[in-house]
2 protein chains.
Amino acid sequence: MKKATQQQTKEHNRNLALKTIMEHASISRAEIARKTSLTRTTVSDIVAELIAEGLVNEIGVGESLGGKSPILLSLVEDSRCLLSLDLAHNQFTGATVNLRGKIRERLSRPVKVRQVDETLALVYQILDQLLASACQPVVGIGVGTPGLVNTREGVVVNAVNLDWQNLPLRDLLQERYHLPVYVLNDSQAAAMGEYAYGAGHDPDSNLVVINARHGIGAGIVIHGRLFHGDGGYAGEIGHIVVVPEGGLLCRCGNHGCLETVASVQALIRRTQVLDNLPAVHTDTLEAIERAFAGGDALIQQVVLEAGRYLGLAIASLVGTLNIQKIVLTGEMTCFGQPWLKAVQETMRQSSLTRLAQATQLELGKLGGNGVILGASALLANDYSLLFSHRS
Amino acid sequence: MKKATQQQTKEHNRNLALKTIMEHASISRAEIARKTSLTRTTVSDIVAELIAEGLVNEIGVGESLGGKSPILLSLVEDSRCLLSLDLAHNQFTGATVNLRGKIRERLSRPVKVRQVDETLALVYQILDQLLASACQPVVGIGVGTPGLVNTREGVVVNAVNLDWQNLPLRDLLQERYHLPVYVLNDSQAAAMGEYAYGAGHDPDSNLVVINARHGIGAGIVIHGRLFHGDGGYAGEIGHIVVVPEGGLLCRCGNHGCLETVASVQALIRRTQVLDNLPAVHTDTLEAIERAFAGGDALIQQVVLEAGRYLGLAIASLVGTLNIQKIVLTGEMTCFGQPWLKAVQETMRQSSLTRLAQATQLELGKLGGNGVILGASALLANDYSLLFSHRS
């Protein structure tokens with residue numbers, strides 16, 4: 001608890017008004033005043049500033065409720081650009097996103113090398129290209145990356161797949177582009193994406209997103225904000241032990257981690273050593289997906305078993321957090337409803353009935369764009385970045 | 001985000017000053033002003049009100065820092081009474097607690113019956129007796145109870161051991177005693193107790209308390225406040241499945257729950273069916289504790305195994321929340337360092353090294369009083385309850 005200074009109050013009120021405008025397709029000054037409890041004069045002053053900044057414009061006249069017809073205001077959603085990166089295992093994707101989370105440009109590059117210099121060069125190449133065609137002021141760069149990330153310092157502590165160790169990604173990008181940079185774990189980014197732009201949610205609500213890709217992670221949103229934990233690694237569920245006896249060796253050094261049985265890498269590994277090899281080659285997710293869709297019984301069995309292990313881990317989350325909305329994202333969701341059903345059933349069977357019944361467990365709404373949109377949502381929600389005179 | 005009204009601001013400032021006084025053994029008005037950024041005049045007005053309420057008094061003169069020697073203020077810790085209950089499986093404990101968490105009176109009654117009327121009568125009997133001897137104004141009643149609790153409505157949804165189902169305990173107590181009542185899960189209460197009065201903690205920090213008793217639950221403190229989850233059941237880790245294959249039947253209907261292998265009830269059950277019965281009777285925790293302390297190899301093996309299962313469940317919490325301070329409370333802690341070591345080792349072996357190394361896992365500091373002190377801490381922190389003219 002701290003007493004607010006005048007400058008803080010001013011910014012708080014400005015952000016409050018901007019947030020209210022963002023939450024509506026259109027809104028009058030009087031309605032902003034009513035919703036925020038700010039005075040009409042304060043709202044008028046703030047709106048004048050927002051219009052001068054080009055963030056808001058007047059788009060017409062609303063219906064009269066007795067007196068003069070009110071002028072309607074709306075966010076100029078393309079008045080700022082957000083650059084966003086999703087650094088997945090096999091491919092890097094970059095996008096230019098507007099203030100309402102609409103993707104204006106998007107490009108992907110396959111990752112074929114694992115040397116730091118070369119993967120970094122790929123990051124630069126994508127950002128250079130996006131920047132060259134971004135016509136509006138660019139507000140900042142948001143990056144979702146796999147692995148352990150120190151978000152506060154913008155350091156990728158350990159991303160095994162990219163061979164990144166203690167890489168100061170934020171500082172590298174800030175030096176090169178002279179823009180504010182946010183670096184966060186891809187599962188945390190996916191959670192922000194689903195929270196901000198996915199299925200409808202109440203403000204200040206809770207959400208868990210399970211991002212099942214090459215690795216597995218979770219993003220936990222508590223009261224509308226990402227929960228990072230004390231060390232910044234909250235959501236590292238990929239290394240929760242779900243096979244306590246005789247589990248497979250995990251790349252982390254332990255045995256029986258969730259990633260060894262429920263991730264894309266686990267699936268590929270499993271299908272390579274089946275006693276009766278399936279009729280098709282299954283060395284990529286796409287191949288497994290085709291075999292699954294084609295009805296290969298062995299492949300279906302392996303995929304559904306992966307789903308059941310994920311359900312077991314999610315049951316443990318349900319008991320721990322009692323967050324009633326859980327969303328599944330990442331490449332594993334390509335197995336659709338049958339896989340989802342396996343996850344759901346095991347979650348239900350392994351949870352207290354009362355808790356399981358109140359829990360909604362569903363697929364994400366953003367397809368492959370969750371990480372991109374989450375990284376950009378963090379920028380769009382840091383209102384101070386949107387103003388030309390930053391405090 | 002909402003604009004604060006004048007009344008809210010006034011209360012906020014008053015609570016801020018009171019909190020600052022509570023956090024210090026003694027403090028001057030000038031120091032309060034400095035720490036809170038409130039003006040000297042505002043602080044003087046607030047302190048006058050606090051003195052009139054009997055909550056604060058002037059206890060002497062501090063060292064001069066140049067000018068006039070400052071008058072020192074201090075909380076009158078016995079100016080209010082908090083009543084607190086810990087409704088454990090085998091015994092109900094009640095206490096009168098002061099504003100600094102000092103227990104002024106404490107009484108326990110064994111629970112020998114399981115009928116609702118009779119267990120409730122026992123609750124009333126304890127509270128009647130405490131009230132009869134409480135000399136200061138009683139602020140409210142805090143109750144920590146096992147089972148699923150709807151804290152918002154003060155309803156014990158399901159406490160199997162007490163045979164309580166949808167019991168509106170808050171309303172029952174409020175009607176009888178005409179006092180504000182808080183009802184919460186005993187593990188959540190234990191967490192508040194350790195947070196408020198246990199090992200030192202930073203304000204707004206995170207803490208997980210694992211309360212291993214007849215059942216097992218956790219209390220999760222996030223940014224200084226209990227996290228309840230959407231349904232109020234956060235921390236229900238006792239029914240996380242830790243034996244996925246061939247686990248014992250749990251009272252919840254599932255198999256292999258943490259409670260079936262790591263709780264006091266699990267221990268008693270296990271020792272009853274050992275192939276080679278230990279040399280002593282082991283039908284109570286006390287008997288098992290004696291056999292353990294006496295070096296019975298079989299009993300030691302069973303106890304340490306229980307600890308290892310708890311460590312496995314805690315590893316999953318470490319990965320999920322990355323909260324770096326975890327405290328163990330409840331009757332299982334009677335097995336002391338050997339048991340703690342088993343919990344710690346398994347937690348470390350089943351977590352990412354980086355996460356485990358940063359996690360402090362230790363025994364609680366409040367002995368058997370954690371639940372009592374946590375329930376009273378909630379009352380003491382609801383400053384509005386402390387004033388004669390409640391808003």
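Predicted model: local features only at pLDDT ≥ 70, side-chain atom pairs only at ≥ 80, totals over all residues.
In what order do the five strands of the open sheet in chain A run?

**View 1. An open, mixed sheet in chain A.** The five strands line up in the order 14-13-12-15-16, and their pairing is mixed. Strand 14 (225–226) and strand 16 (360–363) of chain A sit at the edges with a single partner strand each, so one side of each has no neighbour in the sheet. Look at strands 15 and 16 of chain A and you'll find a parallel pair, joined by four bridges. Within that pairing, A:Val327 stands opposite A:Glu362 of strand 16. Strands of a sheet pair through backbone hydrogen bonds, whether parallel or antiparallel.

View 2. Helix 10 (residues 297–321) lies across strand 12 (207–212), strand 13 (216–222), strand 15 and strand 16 of chain A. Its direction is at about 160° to strand 12 of chain A. In the loop between helix 10 and strand 15 of chain A sits A:Asn322. Is A:Asn322 buried or exposed? A:Asn322 is buried, with a relative accessible area of 1%. Its phi is worth a look too: near 50°, a positive value in a residue other than glycine. Most residues other than glycine have a negative phi.

View 3. Searching the whole structure turns up two aromatic pairs over all chains. A:Phe292 and A:Phe335 make an edge-to-face pair, 5.0 Å centre to centre with 75° between the planes. A:Phe292 belongs to helix 9 (residues 285–293) of chain A and A:Phe335 to the loop between strand 15 (325–329) and helix 11 (336–349) of chain A, so the pair ties together parts 43 residues apart in sequence. Both A:Phe292 and A:Phe335 are buried. Over in chain B, the ring centres of B:Phe292 and B:Phe335 are 5.0 Å apart and the planes are at 75°, so this pair is edge-to-face. B:Phe292 comes from helix 9 of chain B, while B:Phe335 comes from the loop between strand 15 and helix 11 of chain B. Both B:Phe292 and B:Phe335 are buried.

**View 4. Arginines over rings.** In chain A, A:Arg176 lies over the face of A:Tyr124, 4.2 Å from the ring centre. In chain B, the charged end of B:Arg14 sits over the ring of B:Phe387, at 3.5 Å from its centre.

**View 5. A hairpin in chain B.** Strand 5 (residues 91–97) and strand 6 (residues 103–110) of chain B run antiparallel and are joined by seven bridges. One bridge to follow by eye links B:Phe92 with B:Arg109 in strand 6 of chain B. Five residues lie between the strands, and B:Gly101 in this hairpin takes a positive phi near 75°.

**View 6. The surroundings of B:Glu362.** This residue is in strand 16 (residues 360–363) of chain B. With 17% relative accessibility, B:Glu362 counts as buried. Its side chain makes a polar contact of 3.0 Å with the side chain of B:Gln360. Leaving aside residues up to four places away in sequence, B:Glu362 touches B:Ala199, B:Lys325, B:Ile326, B:Val327, B:Leu328 and B:Leu340.

**View 7. B:Asp163 and its positive phi.** Find B:Asp163 in the loop between strand 9 (155–159) and strand 10 (164–167) of chain B. Phi here is near 60°, positive in a residue other than glycine. B:Asp163 is partly exposed, with a relative accessible area of 43%.

Definitions and conventions. Residues numbered from 1 in each chain as written. Chains lettered and ligands numbered in written order. Heavy atoms only, no water. Phe/Tyr/Trp six-rings, centres within 6.5 Å; stacked < 30°, edge-to-face > 60°. Helix = DSSP H or I, 4+ residues; strand = E, 2+ residues; numbered from the N terminus. Buried < 20%, exposed > 50% of the residue type's maximum accessible area, 1.4 Å probe, protein only. Lys NZ or Arg CZ within 6 Å of the ring centre and 35° of its normal. Pairing = 2+ DSSP bridges. Polar contact = N/O pair within 3.5 Å; in protein donor to acceptor, adjacent residues only side chain to side chain. Contact = heavy atoms within 4.5 Å. Axes fitted to C-alpha atoms, helices over the stretch in contact; angles between N-to-C directions.
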